[in-house]
Amino acid sequence: HPFHVLRINKMLSCAGADRLQTGMRGAFGKPQGKVARVNIGQIIMSCRTKDQNKAHAFEAFRRTKFKFPGRQFIIVSKKWGFTKFNRDEYTKLQEEGLLIPDGVTAKLFNGRGPLDKWRKHMSA
């Protein structure tokens with residue numbers, strides 16, 4: 001599973017409970033909840049915002065850190081959104097018309113392929 005199942009072995013703690021319990025015999029327990037399996041260095045959350053909302057997002061993640069056990073880091077990416085391009089590189093490629101929008105990311109137009117595809121791209 002991509003998650004871990006928490007289990008509990010319920011024990012009675014009232015008078016006469018020793019007659020009902022079997023101790024650790026058959027102590028596998030009943031499922032109580034699920035938790036995520038997370039590796040060291042794995043990204044837990046990511047967020048895209050406009051530059052004007054960067055401080056708000058940073059504060060929200062800072063407050064969120066306390067809800068997780070262990071030590072979390074907040075990293076501000078140098079990339080544009082979820083693309084593989086740096087911010088300055090993205091704006092330069094966009095001005096040159098070499099970026100093709102592809103959902104939440106963008107592809108680099110490499111100039112290879114059919115001539116009709118190149119003409120269509122250059123006319124747009």
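Here is a short chat about a few residues in this predicted model.

Student: Why is Thr-83 called buried?

Tutor: Its relative accessible area is 8%. Buried means under 20%, so Thr-83 gets that label.

Student: Okay, and where is Thr-83?

Tutor: Look in the loop between H1 and helix H2 (87-96). Leaving out residues up to four places away in sequence, Thr-83 touches Tyr-90, Val-104, Thr-105 and Ala-106.

Student: Why is Val-38 called partly exposed?

Tutor: Val-38 has 45% relative accessibility. Buried would be under 20% and exposed over 50%, so Val-38 falls in between.

Student: How do you know that Val-38 can belong to a surface patch?

Tutor: Patch residues need over 30% relative accessible area, and Val-38 has 45%. Together with Ile-44, Met-45 and Phe-68, Val-38 makes a nonpolar patch of about 330 Å². You'll find Val-38 in the loop between strand S2 (30-36) and helix H1 (54-65).

Student: Which residues make up the largest nonpolar core?

Tutor: Five in all: Phe-85, Tyr-90, Leu-93, Leu-99 and Ala-106. Not counting residues up to four places away in sequence, Phe-85 touches several residues, including Tyr-90, Leu-93, Leu-99 and Ala-106. In soluble globular proteins, nonpolar side chains tend to be buried together.

Note on methods:
Residues are numbered from 1 along each chain as its sequence is written. This is a predicted model: local features need pLDDT of at least 70, side-chain atom pairs count only at pLDDT 80 or more; totals for chains, interfaces and linings use all residues. Side-chain values use heavy atoms; hydrogens and water are left out. Patches are made of residues with over 30% relative accessible area and no salt bridge: like charges are joined within 9 Å, nonpolar side chains (Val, Leu, Ile, Met, Phe, Trp, Tyr) within 5 Å. Accessible areas come from the Shrake-Rupley method with a 1.4 Å probe; for residues, only the protein chains shown count as cover. A salt bridge is a side-chain nitrogen of Lys or Arg within 4 Å of a carboxyl oxygen of Asp or Glu. Helices (H or I, at least four residues) and strands (E, at least two) are DSSP runs, numbered from the N terminus. Buried means under 20% relative accessible area, exposed over 50%, partly exposed in between (1.4 Å probe, protein chains only). A nonpolar core is a set of buried Ala, Val, Leu, Ile, Met, Phe, Trp, Tyr and Cys residues joined through side-chain atoms within 4.5 Å. Contact means heavy atoms within 4.5 Å.
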